[in-house]
Amino acid sequence: MSKEKVHKLAYSILSLKEMELGKLDEDIICELRKKLVIELGKQLPPHILLPEGRLEHLVETIVTAQIDSCKYQYHNSQDVVSLYGDHCCGRDQIPTETVQILTEHSNEVWFVQFSNNGDYLASSSSDCTAIIWEVMDNGKLMMKHTLRSHQKPVSFVAWSPDDTMLLTCGNSEVLKLWDVETGTCKHTFGGHGFTVSSCAWFPDSKRIVCGSSDPEKGICMWDCDGNEIKAWRGMRMPKVLDLAVTSDGENLISAFSDKEIRILNLRTNAEQVILEEHSITSLSVSIDSKTFIVNLNSQEIHLRDVAGKWEKPLKYTGHKQNKYVIRSCFGGVNSMFIASGSENTQVYIWNRRSSTPLEVLSGHSMTVNSVSWNPKRPLMLASASDDHTIRIWGPSQTNKIQLESTLT
């Protein structure tokens with residue numbers, strides 16, 4: 001539009017405003033004003049105009065910078081960060097203090113996992129049982145069901161996305177499906193000699209997938225009634241150590257005994273292959289399906305992206321892992337933290353931006369095999385140990401009082 005036309009448009013709008021204000025709807029006038037601004041913007045030099053949404057972008061940038069520059073790296077709150085003061089978060093933002101010890105298992109506790117809604121915790125043990133715990137309103141956990149059907153140690157559990165069902169399995173055990181509300185076994189997958197190393201759900205809560213340490217069994221996909229939908233198997237397939245399905249249902253990520261990770265896109269059948277230099281013991285996927293971590297027996301945890309765009313993984317060190325299976329997890333708001341057990345009886349917490357531990361938690365007396373961060377309660381963490389106990393960790397009240405005292 002020429003300058004003459006812009007001038008004419010401006011004149012017509014001003015005339016309308018002055019002469020016809022009583023007859024025109026206010027919404028029409030507003031639309032005419034917007035049209036004038038847009039047309040004027042096309043005629044004015046770019047260097048004197050602010051891009052659309054520039055103010056919002058600047059505010060978001062400042063808020064992000066405040067969080068990123070927090071020297072304590074403890075940011076774990078969903079509260080809005082104010083621009084009226086400098087942002088500061090303290091140690092009370094993450095779980096660092098034991099608030100409850102669960103002692104109902106009679107032998108080593110190998111695995112823990114919170115439900116997707118954060119209302120339950122499931123644990124499995126070498127005592128051949130799994131337990132479903134309920135998170136009460138006051139933050140305490142109470143035993144809901146003890147699942148007694150396995151004949152051998154139970155090493156793994158997996159919650160259905162809708163949290164109505166639970167899968168349990170062991171390295172020398174079958175796979176079982178449980179009803180969470182009643183605690184009854186709904187189905188047993190596989191027969192005698194069928195060994196399952198890990199299992200996972202698809203987002204629809206109607207299909208499951210499991211991996212076996214037996215190459216002839218490979219990886220199987222079933223519906224909840226035990227009907228096989230698909231299988232990946234063969235003598236050339238190595239033992240499956242762990243597997244996971246991303247929460248969007250797009251990718252199946254598997255870890256194998258030959259230090260190999262495979263990411264299979266279930267929609268396109270495209271496959272990525274990642275080789276690690278050391279043996280893999282476990283993997284865990286972030287809630288947003290964009291990243292995953294693997295534990296290695298080299299005493300490192302590697303963070304990788306599912307899309308395969310990163311040239312190298314981010315690495316986290318400090319914990320001890322030489323010969324046992326240690327399972328780590330993401331946690332906190334936006335999965336900003338990584339937590340892991342350790343063979344030296346401690347729990348380690350890292351901020352994803354730093355390779356050195358942010359916190360080292362003491363309390364257990366033997367190897368800590370597994371940790372789980374409550375997805376809906378960012379200040380609640382659970383850890384399972386060979387000392388037969390599960391510890392529930394919460395924020396340190398002492399540090400909270402000290403921080404409040406300093407601020408006042």
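Modeller: Happy to; we'll take confidence, then the repeats, then the pockets.

Biologist: How do you know how far to trust the chain?

Modeller: This is a predicted model, and pLDDT is the predictor's confidence on a scale from 0 to 100. The mean for the protein chain is 84, with 77% of its residues at 70 or more. Residues 399–408 stay under 50, and there the model has 4 contacts beyond four places in sequence.

Biologist: What makes residues 361–393 a "repeat: WD"?

Modeller: That label comes from UniProt, in an unreviewed entry, which also places the feature at 102–143 and 147–188. Such annotations may be inferred rather than shown by experiment. In the model, the span 361–393 is 48% strand and 0% helix, and its end C-alpha atoms lie 9 Å apart.

Biologist: Which residues count as lining the largest pocket, and why?

Modeller: A lining residue has an atom within 4 Å of a pocket point. For the largest pocket, 47 residues line the space, with Q113, N116, S284, V285 and I287 closest to the centre. Its volume is about 1200 Å³. Strands that each supply at least two lining residues include β2 (109–114), β18 (280–285) and β26 (368–373). The lining divides into 26 nonpolar, 16 polar and 5 charged residues.

Biologist: What makes up the lining of the second largest pocket?

Modeller: That pocket holds about 410 Å³ and has 17 lining residues, with S155, N171, T281, V325 and R327 nearest its centre. β14 and β18 each supply at least two of the lining residues. Its lining divides into 6 nonpolar, 6 polar and 5 charged.

Terms used:
Residues numbered from 1 in each chain as written. Predicted model: local features only at pLDDT ≥ 70, side-chain atom pairs only at ≥ 80, totals over all residues. Heavy atoms only, no water. Contact = heavy atoms within 4.5 Å. Helix = DSSP H or I, 4+ residues; strand = E, 2+ residues; numbered from the N terminus. 1 Å grid on protein atoms, 1.4 Å probe; cavity = no way out; pocket = protein on both sides within 12 Å on 5 of 7 lines; lining within 4 Å. Points joined across faces, edges and corners; volume = space filled by probe spheres on them. Nonpolar A, V, L, I, M, F, W, Y, C, P; charged D, E, K, R; others polar.
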